[in-house]
Amino acid sequence: MVVIQVVKTIASTLGIIALADFVSGLVHWAEDTYGSVDTPILGKLVIAPNLRHHAHPREFLQKNYWQSSWDLWLIGALILLAAWALGAFGWDVVLFVTLAVNANQFHKWTHQNREENGPLVWALQRAQLLPTQAHHAGHHAGSKNSHYCTITNFVNPLLDALDAWRRIERA
């Protein structure tokens with residue numbers, strides 16, 4: 001019985017990580033595909049910096065953690081409050097929110113070199129447990145219409161193989 005519970009917990013954890021990565025990609029895809037600097041509220045706050053990032057990929061490294069992630073923390077806090085109010089608050093929601101609010105930090109690490117990331121992040125990237133520079137480079141190449149997910153190296157290949165983003169657009 002304990003083994004079954006451990007397997008379920010591992011499967012749930014991996015599923016939550018994949019879901020957080022997919023959501024980070026979905027938001028990134030929506031920004032790139034449908035956002036413009038003229039979009040009300042989000043245009044200047046989110047879309048304009050994203051467009052600048054595509055033109056100058058390392059520019060956003062000049063922002064500190066809170067400047068890069070305040071909006072994700074706000075959304076994350078709202079998700080936690082909603083989960084608590086609905087009686088759905090648990091480790092799984094906390095894990096999802098923790099990953100999601102750090103999506104921009106994961107993204108930053110893909111634009112930093114080994115020295116900038118430090119030994120721990122570099123080791124986790126080498127072990128493929130964090131997204132790598134080589135993997136994320138697929139997003140900045142060509143038409144910038146793939147590799148939207150920023151939390152792992154595992155969800156993008158699946159979505160790209162399924163042509164998921166174009167299918168979502170057609171739907």
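This report looks at the packing, surface and charge pairs of the structure above.

## About the model

The model is predicted: local features need pLDDT of at least 70, side-chain atom pairs count only at pLDDT 80 or more, and totals for chains, interfaces and linings use all residues. Residues are numbered from 1 along each chain as its sequence is written, and side-chain values use heavy atoms, with hydrogens and water left out.

## The nonpolar cores

Let's start inside. A nonpolar core here is a set of buried Ala, Val, Leu, Ile, Met, Phe, Trp, Tyr and Cys residues joined through side-chain atoms within 4.5 Å; buried means under 20% relative accessible area, exposed over 50%, and partly exposed in between, with a 1.4 Å probe and protein chains only. The largest core has 14 residues, and the members touching the most others are Ala20, Phe96, Val97, Leu99, Phe106 and Ile151. At least two residues of this core come from each of helix 1, helix 3, helix 4 and helix 5, and helix 4 gives the largest share, with 5 residues. Helices (H or I, at least four residues) are DSSP runs, numbered from the N terminus.

Leu99 is a handy place to look at the packing. Leaving aside neighbours within four places in sequence, Leu99 is in contact (heavy atoms within 4.5 Å) with Ile17, Ala20, Phe106 and Ile151. Apart from this core lies another, of 7 residues, including Tyr148, Val155, Ala164 and Trp165.

## A covered helix

Helix 5 (residues 103-111) is mostly covered, with 7 of its 9 residues buried.

Ile41, Leu42, Leu45, Trp70, Leu74, Leu78, Leu81, Trp84, Phe89 and Val94 make a nonpolar surface patch of about 1100 Å². Patches are made of residues with over 30% relative accessible area and no salt bridge, with nonpolar side chains (Val, Leu, Ile, Met, Phe, Trp, Tyr) joined within 5 Å and like charges within 9 Å. Accessible areas come from the Shrake-Rupley method with a 1.4 Å probe; for residues, only the protein chains shown count as cover.

Helix 2 and helix 3 each supply at least two residues of the patch, and the largest share, 5 residues, comes from helix 3. Trp84 is found in helix 3 and counts as exposed, at 62% relative accessibility.

## Salt bridges

The count comes to 4 salt bridges, each a side-chain nitrogen of Lys or Arg within 4 Å of a carboxyl oxygen of Asp or Glu. One of them pairs Glu116 with Arg58, the closest N and O atoms being 2.6 Å apart. This pair links distant parts of the chain, 58 residues apart: Glu116 lies in helix 6 (residues 114-126), and Arg58 in the loop between helix 2 (42-55) and helix 3 (65-85). Both are partly exposed, Glu116 at 38% relative accessibility and Arg58 at 41%.

Arg52 and Glu59 form another, with the closest N and O atoms 3.3 Å apart. Arg52 is partly exposed at 39%, and Glu59 is partly exposed at 32%. In the bridge between Asp163 and Arg170, the closest N and O atoms are 3.8 Å apart. Asp163 is partly exposed, at 32%, whereas Arg170 counts as exposed, at 59%.
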